[in-house]
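Thanks for asking me to look at this one with you. Have the sequence and the 3D view open, and we can go through it point by point.

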Amino acid sequence: MDAFIDAFTAAFHLIASGDEDLAAIIVLSLKVTVTAVFIAALVGMPIGGLIALSDFRGRRFLIVLFNALMGLPPVVVGLIVYLLLSRSGPFGVLNLLFTPTAMIIAQVILVLPIVVALTRQILEALWGEYRETLESFSASPLQCLAVLLWDGRFLLVTGVLAGFGRAIAEVGAVMIVGGNIDQMTRVMTTAIALEASKGDLALALGLGLILLSISLILNLLAQSLRAVGERWSPV
Amino acid sequence: MVAALRLPGRGWLMSGERRPVGIVSLAVLTVLAGLILFGNGGSGRADSPVITVASTTSTQNSGLFDHILPLFKAETGITVRVVAVGTGAAIRLAKSGDADVLLVHHKPSEEAFVSEGFGEARHPVMVNDFVIVGPRDDPAGINSLGDVAAALKRIADSRSIFLSRGDESGTHKRERELWAAAGRDPEEASGTWYRKTGSGMGATLNIGAAMNGYTLADRGTWLSFGNKGDLVVLHEGDARLINEYGVILVSPDRHPHVDATPGRAFIDWLRSEQGQRAINSFSIGGERLFTAVQ
Amino acid sequence: MSLSVPDILPLTLRGAGLSRGGKRVLKDLDCTIGPAPSKTFLIGPNGAGKSLFLKLCHGLVPAENGSVDWGGHSPESAKPYQAMVFQRPVMLRRSAAANIDFALSLRGVPHRDRPDRRNALLRRTGLGRLANVSARALSFGEQQRLALARALATEPRVLFLDEPTASLDPAAAYLVESIINEVAVAGTKIIMSSHDLVQTRRMADEVIFLHRGRIKEFRAAGPFFEEPENDLARDFLEGKLLWWRRSDCPDGGGS
C-alpha cells in the first residue's frame with residue numbers, strides 16, 4: 001500500500017514542480033503517438049472502407065489477417081523496424097534509427113491494423129444499411145466510400161481512440177527503435193521502464209499515473225468534441 | 001423504430017449552457033496540438049555534433065553518464081546519445097554500424113570485436129567491481145568467506161535462491177565464469193533455486209528483492225538501486241570480481257558513415273585527465289562507483 | 001441541367017425471372033412498359049414479388065433468366081436516369097437538406113445551384129421547416145417525403161415507388177399522391193406498387209397484377225377494374241385472395 005501512496009506523492013511532486021524533463025517526455029510521447037495515429041487513420045480508414053465495400057477473392061482472409069495483426073506484439077514490431085532501419089539494413093541510409101521518426105514508423109505499423117479492422121467492421125454495418133440506396137443513385141465506389149467515411153465519422157472515432165490507446169501505452173517498439181535516449185527519444189513508457197529498472201518503483205508508478213491521466217483527459221476531450229460535432233452537424 | 005433513433009440525452013446537448021464545454025474542449029485541443037507540433041520535446045539539437053554510444057544498461061542505470069556527459073559537452077560541445085542495452089545487444093549495434101562508439105565491460109568480447117575488424121582499438125577506461133548481494137540473514141552463510149568461488153559453491157550446495165541475468169550481458173558472462181571456477185553447473189537447476197530472468201540488472205534486482213535471493217550485481221547499479229528491500233552486500237573484494245570497462249571506436253573502415261572525429265574526441269576525453277577525474281568524482285552516498293584506470 | 005437523356009423507354013421484360021434461396025420468386029416475366037401512359041401501377045397480394053419486380057427493373061438485382069431491356073440499354077446503364085423511393089427509406093446520417101444535397105452532388109449539380117433546387121424540393125414536399133433537422137430524427141412520414149424529394153432531385157426519367165403511402169397519415173398520403181401526379185404530368189414515367197386498391201383506382205393509368213411471381217394481367221386501369229380477365233385478379237379485387245390459403249390450382253387459373 002505504501003508503494004501506491006508514494007506513487008501518488010511522486011506524481012504530484014513531479015507535476016507541481018513543473019519538472020522540465022517530464023514536460024519534454026510528455027510532449028514527445030504525444031507527438032509520436034498522435035502523429036502515428038494520424039497517419040494510420042489517413043491510410044487505414046480508406047483501406048478498411050474499401051474492404052468493407054468490395055467483394056473479391058481472399059477478402060475474408062484479409063479480414064482475418066487484419067484482425068490477427070491487431071494483436072501484433074509491440075516488441076516484435078520494434079524488432080522488425082529496427083532491422084529495417086539499421087545501418088546494416090535495407091533502409092539504413094536514411095539514418096532514422098534512434099529518432100522520433102523511427103518511433104512514429106513503428107507505431108504506425110502497430111496502430112494500422114486496429115484502424116483497418118475497426119473501420120471495416122463499422123463501415124460494413126453502415127454499408128449494409130446504405131447499400132441499396134446508394135446503388136439506386138448509381139453512386140461510384142469512391143463516392144460510396146466517401147459517404148460511408150463521412151457518415152460514419154463519429155463511430156470511426158472509436159477505432160482511432162483504440163489505436164491511440166494502444167500506441168500511447170506500448171513500450172516494446174519505441175524502446176527498441178528509439179533507444180530511450182535522454183532528451184531525444186525518451187517517452188513516458190520508456191521512462192517508466194527505466195525508473196522501474198532502477199528500482200525507483202514509486203516514481204515509475206507515479207509516471208504511470210500521469211500517463212493514465214493524460215490518456216483519460218484526451219479521451220474526455222475526444223468525447224466532448226464528438227458531442228460538439230454531433231450537436232453542430234446533425235447525425 | 002425511427003423514434004428510437006433519437007439519441008438519449010440529445011436534448012441535454014441542445015441547451016445553450018452546454019456550449020462552453022465544447023468551446024473549452026476545442027481550445028484545449030488546439031493548445032495541445034500547438035504544443036505537440038511546435039513544442040521542442042526531445043527533438044534534439046541538430047547544431048552541435050552528435051555521436052551515438054552503445055553501452056550497457058548497468059552503466060546507464062548507475063547514473064554515470066548523467067554525471068560525465070554534461071562535462072564532456074561543456075568542454076567539446078559534442079552531444080552524446082547513449083543507447084543502453086545489454087552487452088550483447090550493444091556489441092551487435094556497434095557491429096551493424098548503428099553506433100559510433102562502444103563502451104562495455106567484457107574484455108574477451110571487446111577484443112574479439114577489434115580483431116574481427118569492427119573496432120579500431122580497445123582502450124581501458126575504468127573499473128568497478130561486482131558484488132554478491134543477498135538476504136540479510138544469509139541462509140547460505142557466505143558472508144565470512146573471502147573467496148568468491150567458495151561463496152558460489154555454498155550457494156549451490158545449499159540450493160539457496162540465486163537470480164541470474166541470463167541475458168548474455170557482461171555481468172552474465174562473468175557470472176558463468178565464476179560458476180565454472182566454483183566447479184558447479186547451475187544450468188541444470190534452472191527453474192528451481194537457480195532462476196534466470198533474461199533481464200537487465202535493475203529488473204533482476206527487483207526480482208531478487210522480491211524473492212529474497214542472491215544475485216551477482218555490479219556495484220554501480222547496486223549503489224544507485226532504489227528497491228533494495230532486504231538485500232545487502234554479502235560478498236565483495238575477490239580479484240575475480242573486478243569489472244573492466246573498455247571503449248572502442250567503431251571502425252570507419254568497416255562503416256564509413258561513422259562519426260570518427262567526435263567519436264575519437266570522446267574516447268580521448270575519457271582517457272584524459274579531465275575525463276578520468278570526472279569518472280572518479282562520481283559517487284553515490286559518498287561511495288565512488290567507478291575507478292579510472294589511466 | 002440534366003444530361004441529355006437517352007430514351008430508355010420502353011422497358012421490355014422477356015422471360016425474366018430470378019430466385020431467392022433456391023426458390024423461383026419471379027418467373028416468366030414478359031411485358032413492355034412504355035412511356036405512355038404515365039402511371040403504371042403494380043398490384044398483387046403480399047409475397048407476390050412486387051418489391052422484387054421493381055428492383056429487377058431498376059437494376060438493383062440481376063435477372064437470372066431472360067432479359068431486362070431499357071430502350072436498347074442494359075439496366076445498369078439506364079439506372080442513372082431512374083430513381084426509387086423504397087418502402088422503408090434509408091436516410092443518411094445528415095440533415096434533411098444534406099440528404100437532398102447528396103443526391104444533387106451525385107448528379108454533378110454545381111454547388112451554387114444546389115441551395116435553390118434543394119429548398120424548392122423541401123418546400124414542395126412540405127419539409128421547408130425541417131431543413132436542418134437530422135433526417136434520422138424525422139417521423140416516418142417525413143422521411144418518406146424526404147426520400148421522394150431526394151429521388152426527385154435527380155430529375156429521373158423513370159420514378160419507381162414501392163408502396164410510398166403505406167403507413168402515412170391521410171394528409172401526408174394526399175401530399176405524396178399530388179406530387180406524384182404533378183411529376184407524371186411533367187413527363188416522368190411512374191412505376192409504382194400499391195397495396196391500396198382505392199388509391200390504385202384513383203391514380204393508375206394501367207395496372208399490372210402480379211401473383212406468385214408471375215404477371216397474371218396487364219391492362220389499362222379502367223377496363224381492368226371494371227372487368228378483370230384473370231380469375232385471381234378478380235378474387236383479389238373482391239378481397240377474396242387470402243395469402244395464407246393456397247388456391248386450388250397450383251399456379252392460379254385463368255389466362
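Below are a few numbered points on helix packing, strands and a sheet.

1. A word before we start: this is a predicted model. Please keep that in mind as you read the points on chain B and chain C.

2. Let us begin with a helix pair in chain B. The axes of helix 4 (residues 64-76) of chain B and helix 12 (residues 273-280) of chain B come within 9 Å and cross at roughly 155°. Since angles over 145 degrees count as roughly antiparallel, helix 4 of chain B and helix 12 of chain B are therefore roughly antiparallel to each other. Their crossing is right-handed.

3. Which residues make that contact? Helix 4 of chain B brings B:H67, B:I68, B:L71 and B:E75, while helix 12 of chain B brings B:Q274, B:A278 and B:I279. Sorted by class, the contact of these two helices has four nonpolar, two polar and one charged residues.

4. Next, have a look at helix 9 (residues 201-211) of chain B. Its buried residues are B:M201, B:G202, B:T204, B:L205, B:N206, B:G208 and B:A209. Just after this helix, B:N212 takes a positive phi of about 55°.

5. Is strand 7 (residues 214-218) of chain B largely enclosed or left open? Five of its five residues are buried, so strand 7 of chain B is largely enclosed by the rest of the structure. B:Y214, B:L216 and B:D218 point one way, and B:T215 and B:A217 point the other way.

6. Strand 7 of chain B pairs with strand 4 (residues 119-135) of chain B, antiparallel and through four bridges; here B:F130 has B:D218 as its bridge partner. Strand 7 of chain B also pairs with strand 5 (residues 162-164) of chain B, in the parallel sense over two bridges, and there B:L163 is partnered with B:T215.

7. Now turn to chain C, where six strands form an open sheet in the order 5-6-7-3-8-9, with mixed pairing. Strand 5 (82-85) and strand 9 (214-220) of chain C stand at the edges with a single partner strand each, so one side of each is left without a neighbour in the sheet. From one strand to the next, the twist averages 15°.

8. C:H211 stands opposite C:R214 in strand 9 of chain C.

9. Finally, helix 5 (residues 140-153) of chain C lies across strand 5 and strand 6 (158-162) of chain C. This helix runs at about 180° to strand 5 of chain C.

How values were computed. Residues numbered from 1 in each chain as written. Chains lettered and ligands numbered in written order. Predicted model: local features only at pLDDT ≥ 70, side-chain atom pairs only at ≥ 80, totals over all residues. Heavy atoms only, no water. Axes fitted to C-alpha atoms, helices over the stretch in contact; angles between N-to-C directions. Parallel < 35°, antiparallel > 145°, perpendicular 65-115°, else oblique. Left-handed = near helix turned anticlockwise from the far one by under 90°. Contact = heavy atoms within 4.5 Å. Nonpolar A, V, L, I, M, F, W, Y, C, P; charged D, E, K, R; others polar. Pairing = 2+ DSSP bridges. Buried < 20%, exposed > 50% of the residue type's maximum accessible area, 1.4 Å probe, protein only.
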